[in-house]
Structures are given as C-alpha cells and as structure tokens.
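The exercises below are to be worked with the sequence and the three-dimensional view at hand. Each task is followed by a solution in steps.

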Amino acid sequence: MKARHSEPMIPQPFRVAKVQKETFDTFTLQLKSSKGNGVSHFSPGQFNMLYVFGVGEVPISISGDPSNGTLIHTTRVVGNVTKAMGKLKVGDVIGVRGPFGTPWPVENAKGKDVVIVTGGIGLAPLRPALYYFLKHRDEYGKIVLLYGARSKEDILYRRELEQWRARFDLEVHVTVDRGTGNWRGNVGVVTMLIPKAPFDAHNAVSLVCGPEIMMRFTVLELLKRGIPESKIFLSLERNMKCGIGHCGHCQFGPHFTCKDGPVFPYDQIKDLLEKREI
Amino acid sequence: METLERILAEHPLFKGLDPKYLKIVVGCASNIRFEPEQVIYKEGDPAEKFFLIREGKIGLEINIPHRGSIAIQTVNSGDILGWSWLMPPYKWRFTARVYEPTRAIALDGACLRRKCEEDHALGYEFYRRFADIIVQRLQATRLQLLDVYGHHTERQK
C-alpha cells in the first residue's frame with residue numbers, strides 16, 4: 001500500500017467518531033474524514049501528523065486494522081498537544097496529514113516466525129502489524145508477542161490481549177515492571193521473556209517498538225538468541241515535524257526518521273543508536 | 001523415566017559439570033511441589049535451599065510498609081529460585097510466593113555449601129555458574145530501575 005498524500009503539508013479535516021480511554025493517561029481516537037470517505041489507506045507501522053487546531057501538530061502512529069482502513073490512533077498524554085487531544089469529544093474536528101513513513105516488513109516476514117517485542121505504548125504502532133499477521137495467519141510460522149508494561153494498570157488493549165492469548169496460533173506473554181495487588185502474571189522487564197520464547201531464531205523476523213533504551217536491551221537479547229541483525233526491525237521516535245523529509249527536525253545521522261523510518265532494520269542504524277550526540 | 005540425574009545434567013546450570021560433582025549435586029536434590037499462594041520462604045528466613053523450577057510460576061515479593069507486598073520479579077519454568085544460600089549472611093532477601101502450581105527440584109544449599117568449602121574446584125564451579133545468573137538479573141534490575149515506561153522517556157509517536 002502506498003501513502004496517499006497528494007498535498008502532504010495540508011491537513012485534512014477528520015471528525016472524532018469514537019473516544020476510548022485505555023489507561024489513566026492513554027486514549028484511543030477513531031477518526032472519520034469530514035469529506036465523507038471514512039477510509040484511510042495505510043501500511044502497518046506508518047504514522048499520521050495529527051493537528052489539534054490552535055494548539056499544534058504531533059506525529060502519532062496508526063494503531064488500527066489496515067484491512068478495514070478505519071483511522072485509529074492511540075495516544076498518551078505527554079505534552080500540550082496530546083493533552084488537548086485527550087479532551088476532544090465525539091464530533092470534534094482534527095487535522096490529519098499522512099500516512100507517512102516506512103512500514104513494518106510484513107510481506108518479507110512471510111514463511112518465517114515473527115517475534116514482536118514491545119513495551120508501554122509501543123504496542124500501538126505494532127497492533128496493525130499484528131492484525132495483518134492474524135488475517136494472513138497461514139502465511140507465517142510461529143507468532144510470538146512479548147509485551148512489557150509498567151504495571152497492570154498500564155497494560156494497553158487489555159481485552160484484546162486476553163483474546164489474543166486465548167488463541168492457539170499466537171503466543172502471548174505479558175510482563176509488568178511492578179507486580180502490585182493481585183497481579184499473578186510475569187514480573188520483570190520484557191527482555192527477560194526473550195531467552196525462553198518459542199521461535200526458530202534462524203528463520204525469524206523480529207519487530208521491536210518501545211522506549212529506545214528498552215529496544216537496545218531487547219536487540220542484545222535477540223542477537224544472543226541468534227536472530228540476524230538484518231532481521232530485527234525497530235521503530236524509532238524522533239522529532240517529526242513535516243513528515244516528508246524536508247525540515248530536518250527528525251534527522252538521525254544520515255536518515256530522516258519521518259521518511260526513511262520510523263521502521264529501520266537494525267543493521268542500518270546500529271552504529272547510530274548508542275551515539276549520544278545523535 | 002526421567003531421573004533426577006538426567007534432569008540435573010541437562011539443566012543449563014549444571015550442563016558440562018564434572019560427573020563426580022554432578023553426583024554430589026544429585027545427592028542433595030529432591031523433587032518438590034508447591035500449590036498456588038504457598039509461601040516457599042519468607043524475607044529474613046535462613047536460606048538453606050535453592051530450587052530448579054521445572055514448571056510453574058513463583059513471585060519474589062517484598063513488603064513495603066503502608067503499600068503491602070510488591071512483586072519485583074517472577075521466576076518461571078527453567079529458572080533458578082534463590083541464591084542467598086550461597087552468600088553470607090545466608091538469609092532470604094525476598095519472600096517467594098507461588099503464583100501457579102509448581103514442580104521443582106529442591107537442592108540442599110547448606111549441604112552444597114559445605115561441599116564447596118571442602119572442594120574449592122566445586123566451589124568455583126558453583127560461583128561461576130551462579131555469577132552468570134546474577135549478572136543477568138542485575139542487568140534486568142537496572143533496566144527495571146530506569147522505569148523506561150515512565151513519562152520522562154515514553155515514546156509518543
């Protein structure tokens with residue numbers, strides 16, 4: 001699928017069709033085009049620039065199902081724009097530019113085991129990929145989802161995770177950094193789940209998304225298991241502004257994260273990841 | 001039928017251990033089962049044993065005044081539970097509570113400690129092998145301490 005943005009710098013008006021609170025500071029918006037066509041074509045891993053009029057614009061990953069094209073964004077309140085976004089109600093209008101960026105390599109992963117390692121709100125950019133894998137389930141080997149959250153209250157898409165965990169063709173392991181109250185699941189960082197996860201490292205592709213420090217430690221564990229560097233894909237976050245590689249705000253060494261990323265193969269960026277200056 | 005000797009010989013902790021030392025380990029081992037919510041040991045108790053978890057899940061908890069018990073780590077199938085038996089003052093630092101029905105092999109740490117004192121080559125093997133586990137958990141704990149999903153570092157894309 002190709003991004004559709006003939007006028008990439010002009011936000012298109014979308015109406016908020018549904019607002020769902022996910023956790024105490026995370027919410028999901030379902031958007032419908034004000035021009036009537038509610039469908040938006042995107043590939044798993046791409047992002048949109050969402051514009052809260054009068055406040056500002058932020059890059060937010062698309063977290064819905066790519067096969068039905070419904071535009072869904074899960075966002076965490078961290079700044080002024082997302083704070084204003086969190087106050088939007090059904091019927092309010094928001095500007096949308098995109099979709100932008102490189103997708104997860106869902107086609108290239110066919111015939112292989114897929115290992116998804118994610119933490120916090122990093123699950124949101126990976127959900128479209130997971131929908132895609134499940135829709136084309138027979139074309140992949142084992143699919144493993146390893147998800148880490150801060151606490152049980154911070155677990156994203158809890159109901160969906162339970163449904164996925166109940167499936168026989170999907171291996172789901174969730175862990176939290178702090179096990180409070182009656183939590184009787186895994187406690188510890190998500191990287192601890194990798195050594196025993198059931199996949200064939202020599203025929204696997206790994207998709208990783210979360211805080212950058214978590215991704216760095218995750219890569220170390222994946223490499224230790226034997227997944228080649230070229231088969232590990234990370235979704236990076238930088239200060240995306242224009243979305244089309246013109247402004248340079250999101251420059252990451254020789255790359256523009258908005259255009260050459262956000263999804264990068266690890267071997268392409270490994271030398272940049274630990275450089276403090278970048 | 002799986003014998004204790006075979007299970008221990010194949011476990012990553014003891015893989016490649018000299019057969020004469022493996023025999024000592026087997027002599028200190030026994031099968032054990034735990035039921036959910038059972039407390040295997042409590043913070044402050046003497047640490048006399050350690051466990052190879054064959055199946056199940058155990059939470060390591062610490063009690064914080066006014067906040068109750070907080071689990072800081074779980075150990076699962078294939079993991080080792082407990083290393084306080086190896087280091088002075090030989091007391092458990094956390095409480096181990098069973099979260100899921102658990103089958104394990106219990107090893108008499110006090111007995112092995114004495115054997116390690118008598119034969120330093122055996123002691124070296126134990127410390128080397130446990131050092132691997134301790135380093136792995138230390139690194140995980142450091143990552144946990146960073147609170148990577150907190151607001152300061154959370155991705156917002």
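**Exercise 1. A helix and its buried residues**

Which residues of α4(B) are buried?

Solution. The model is a predicted one, in which local features need pLDDT of at least 70, side-chain atom pairs count only at pLDDT 80 or more, and totals for chains, interfaces and linings use all residues. Residues are numbered from 1 along each chain as its sequence is written, while chains are lettered from A and ligands numbered from 1 in the order in which they are written.

Step 1. Apply the criterion to the helix. B:Phe126, B:Leu143 and B:Gln144 are the buried residues of α4(B).

Step 2. Identify what these residues pack against. Their partners are α4 (212–225) of chain A and α3 of chain B. Here a contact requires two C-beta atoms, placed from the backbone, to lie within 7 Å. Helices (H or I, at least four residues) and strands (E, at least two) are DSSP runs, numbered from the N terminus.

Step 3. From first C-alpha to last, the 26 residues of α4(B) reach 35 Å, close to the 38 Å expected at 1.5 Å a residue; the expected span is 1.5 Å times one less than the number of residues.

**Exercise 2. Two helices that cross**

Describe how α3(B) and α4(B) meet.

Solution. 

Step 1. Two packed helices are described by the angle between their axes and the distance between the axes.

Step 2. Helix α3 (residues 109–118) and helix α4 (residues 120–145) of chain B have axes that come within 5 Å and cross at roughly 125 degrees. The axes are lines fitted to C-alpha atoms, for helices over the stretch in contact, and angles run from 0 to 180 degrees between N-to-C directions.

Step 3. This angle makes α3(B) oblique to α4(B). Angles under 35 degrees count as roughly parallel, over 145 as roughly antiparallel, 65 to 115 as roughly perpendicular and the rest as oblique.

Step 4. List the residues that make the contact. α3(B) contributes B:Leu112, B:Lys115, B:Cys116 and B:Glu117, and α4(B) contributes B:Leu122, B:Gly123 and B:Phe126.

**Exercise 3. Backbone features of chain B**

Where does B:Asp147 lie, and what is its phi?

Solution. 

Step 1. B:Asp147 belongs to the segment after α4 of chain B, and its phi is near 50 degrees, a positive value in a residue other than glycine.

Step 2. With 15 other C-beta atoms within 10 Å, B:Asp147 is partly exposed.

Step 3. Compare B:Tyr90, which is not a glycine and has a positive phi of about 55 degrees. B:Tyr90 sits in the loop between β5 and β6 of chain B.

Step 4. B:Pro89 also lies in the loop between β5 (80–81) and β6 (95–108) of chain B. The peptide bond that joins B:Pro88 and B:Pro89 is cis, with omega about 5 degrees.

**Exercise 4. The contact between the chains**

How many residues does each chain give to the contact?

Solution. 

Step 1. Chain A gives 35 residues and chain B gives 21 residues.

Step 2. On the side of chain A that touches chain B, β4 (56–61), β10 (186–187) and α4 each supply at least two residues.

Step 3. The residues of that side of chain A comprise 16 nonpolar, eleven polar and eight charged.

Note on methods: A residue is buried if 20 or more other C-beta atoms lie within 10 Å of its own, exposed if 12 or fewer, and partly exposed in between; C-beta atoms are placed from the backbone. Ala, Val, Leu, Ile, Met, Phe, Trp, Tyr, Cys and Pro count as nonpolar, Asp, Glu, Lys and Arg as charged, and the others, Gly among them, as polar.
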